[in-house]
Amino acid sequence: ERLGKIPLRHLVYRVLELLPSMRSLVYDFGQLNSKTETDYVVQIVKNHTAELSPNAIRAIAAVLSWSQQYMKEQMDECSYVSLRDVKRAMIVFDYFYNRSPLFKELHPNFMHDKHQKLTHSLVMALAVCYNSRLNDREDYETRVCAQFQSPLNLQRGAEQFRNEITRSQKALLANMEVGLNIAHNAALRENVFMMAICIELRIPLFLIGKPGSSKSLAKSIISSSMLGRGSANSLLKEFKEVYMVSYQCSQHSTAESIIDVFKTAEKFQVKQDTSQFVSVVVLDEVGLAEDSPYLPLKALHPLLEDGTQDHSDADVERVAFIGISNWALDPAKMNRGVMLTRGQPDIKELVDSAWGICSDQKDNTIIKELGAYFESLAQAYQDVCRENTQREKEFFGLRDFYSLIKMLYSMCCRNKRLPTPPELENAIRRNFGGKEGYDPTLVFKKWKILPKQYKC
């Protein structure tokens, strides 16, 4: 469905005409000014951290207030923030400060260092609720560190900020059951980390990323690894047991079908100890449901607020929620949860992913020789994507790059040598062919993967 030549899913909102009988009830509430919002932020922090000193409360509130203003200055979906984000940040902060097994795993020598624990917990809260929604994070990471005042202790600035986040993500993924030849790249690390934390705290999560950004893989890893006390890993025994109820969204989805998924998830929790067990509603390709004429996602608003269909029953524990999409939904829905945005990986991440695919044979001499081409292959992949995106919508994606690496890796293992030019050409055309009038081998020749004199 389009508005002119623009697909409706590319628009921020789809606005339906208001009934004439309702127009007399319209009232423009406006928005909170900065001072009033700051007062609210301070009060929210106090409500969640009554045991902290006044200086600590002021320092945390100042960082959160600044983060709110920073997001409002952005020009995309990141700009839609509200006091819900502050509340979620404090829920995450409280978890890492008082209950998280990850802090003990990463900082066993600082268990009784309140300043270190305070700083780590706030960094994790910012990582989950603010940093994760940005495509370009370097500016935020650099500037937010300048807002850390005593008793917060971030001596190494942005470097320490990034290291705290990366170490936590790596530690959690290292304890998950991940199959062979799966790259522990930044996308998978962050996806798994965000899913695990949001499920544990029952915070709704919207995971936005292009095909190949490890969204479904992360979901499978979480489902097979987080088994509560039945987990094989001691760290994961500290997390809740996860039961996922998945629903594949489409243009034919209805509000009733989505409500039924939540009801099914609720039923699995009824006779469970909800401090040790959590049902998770997973809406796959939730963006497709936006194109449905039945407007099924209107049902999400109360479900994301309360986590259950029967929100009148105080004894019913809310279910967790994960919405997976290739593009962002409208802000009214996404502001009711945490948003994780995965953009295009850079060259270093592509190279790391390539090495991850070859991880079980990385000491093999032939694989090491193949590894010398990984950076050139990544550069060629980005050039192919850039050329084709300029002409029309994206035709090639990350899965094509990963498939190319797997084919070359398989050839090396099978033949005990590097691929020959004809074999390289076959692999390149197999993964980057299919477009009439486009020859991908020219780009790979440019990056010296194929010899220039070789005739394709």
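Leaving aside its neighbours within four places in sequence, with which residues is His252 in contact? His252 is in contact with Ser292 and Tyr294, where contact means heavy atoms within 4.5 Å. The legends below begin with the whole chain and return to this residue later.

The model shown is predicted: local features need pLDDT of at least 70, side-chain atom pairs count only at pLDDT 80 or more, and totals for chains, interfaces and linings use all residues. Residues are numbered from 1 along each chain as its sequence is written, and side-chain values use heavy atoms, with hydrogens and water left out.

**Figure 1. The protein chain contains 18 helices and seven strands.** Helices (H or I, at least four residues) and strands (E, at least two) are DSSP runs, numbered from the N terminus. The radius of gyration of the protein chain is 24 Å, close to the 23 Å that the globule rule gives for 456 residues, so the chain is as compact as a globular protein of that length. This radius is taken over C-alpha atoms, and the globule rule is 2.2 Å times the number of residues to the power 0.38. Along the principal axes, the C-alpha atoms fill a box of roughly 70 × 65 × 45 Å. Of the 456 residues, 52% count as buried; buried means under 20% relative accessible area, exposed over 50%, and partly exposed in between (1.4 Å probe, protein chains only).

**Figure 2. Five strands form an open sheet in the order β4-β5-β6-β3-β7, with parallel pairing.** Two strands pair if DSSP finds at least two bridges between them. The edge strands, each pairing on one side only, are β4 (241-248) and β7 (338-342). From one strand to the next, the twist averages 20°. Axes are lines fitted to C-alpha atoms, for helices over the stretch in contact, and angles run from 0 to 180 degrees between N-to-C directions. Strand β4 is joined to the parallel strand β5 (residues 277-284) by eight bridges, and Val245 has Val281 in β5 as its bridge partner. Helix α8 (residues 186-201) lies across β3, β4, β5, β6 and β7, and runs at about 170° to β7.

**Figure 3. Strand β3 is largely enclosed by the rest of the structure, because five of its five residues are buried.** In a regular strand the side chains alternate between the two faces of the sheet. In β3, Leu205, Leu207 and Gly209 point one way, whereas Phe206 and Ile208 point the other way. Four bridges pair β3 with β6 in the parallel sense, and Ile208 stands opposite Ser325 in β6. Five bridges pair β3 with β7, also in the parallel sense, and the partner of Phe206 in β7 is Met339.

**Figure 4. Aromatic pairs are found within the structure, 17 in total.** Rings of Phe, Tyr and Trp (its six-membered ring) pair if their centres lie within 6.5 Å; planes under 30 degrees apart count as stacked, over 60 as edge-to-face and the rest as tilted. Phe206 and Phe321 form an edge-to-face pair, 5.5 Å centre to centre with 65° between the planes. Phe206 lies in strand β3 and Phe321 in strand β6, so the pair ties together parts that are 115 residues apart in sequence. Both of these residues, Phe206 and Phe321, are buried. The rings of Tyr381 and Phe432 have centres 6.2 Å apart and planes at 50°, so this pair is tilted. Tyr381 belongs to helix α15 (residues 374-391) and Phe432 to helix α17 (residues 421-432), 51 residues apart. Tyr381 and Phe432 are both buried, and they belong to one aromatic cluster whose members include Phe395, Tyr402 and Phe444.

**Figure 5. His252 lies in the loop between β4 and α10 (255-269).** His252 is exposed, with a relative accessible area of 65%. The C-alpha atoms of His252 and Ile366, 114 residues apart along the chain, are separated by 50 Å.

**Figure 6. Loop residues include Pro151, between α6 (138-145) and α7 (157-174).** The peptide bond from Ser150 to Pro151 is cis, with omega near 10°. Leu295, in the loop between β5 and α11 (300-306), has a positive phi of about 50° although it is not a glycine. At 33% relative accessibility, Leu295 counts as partly exposed. Lys416, in the loop between α16 (398-415) and α17, has a positive phi of about 60° and is not a glycine. At 64% relative accessibility, Lys416 counts as exposed.
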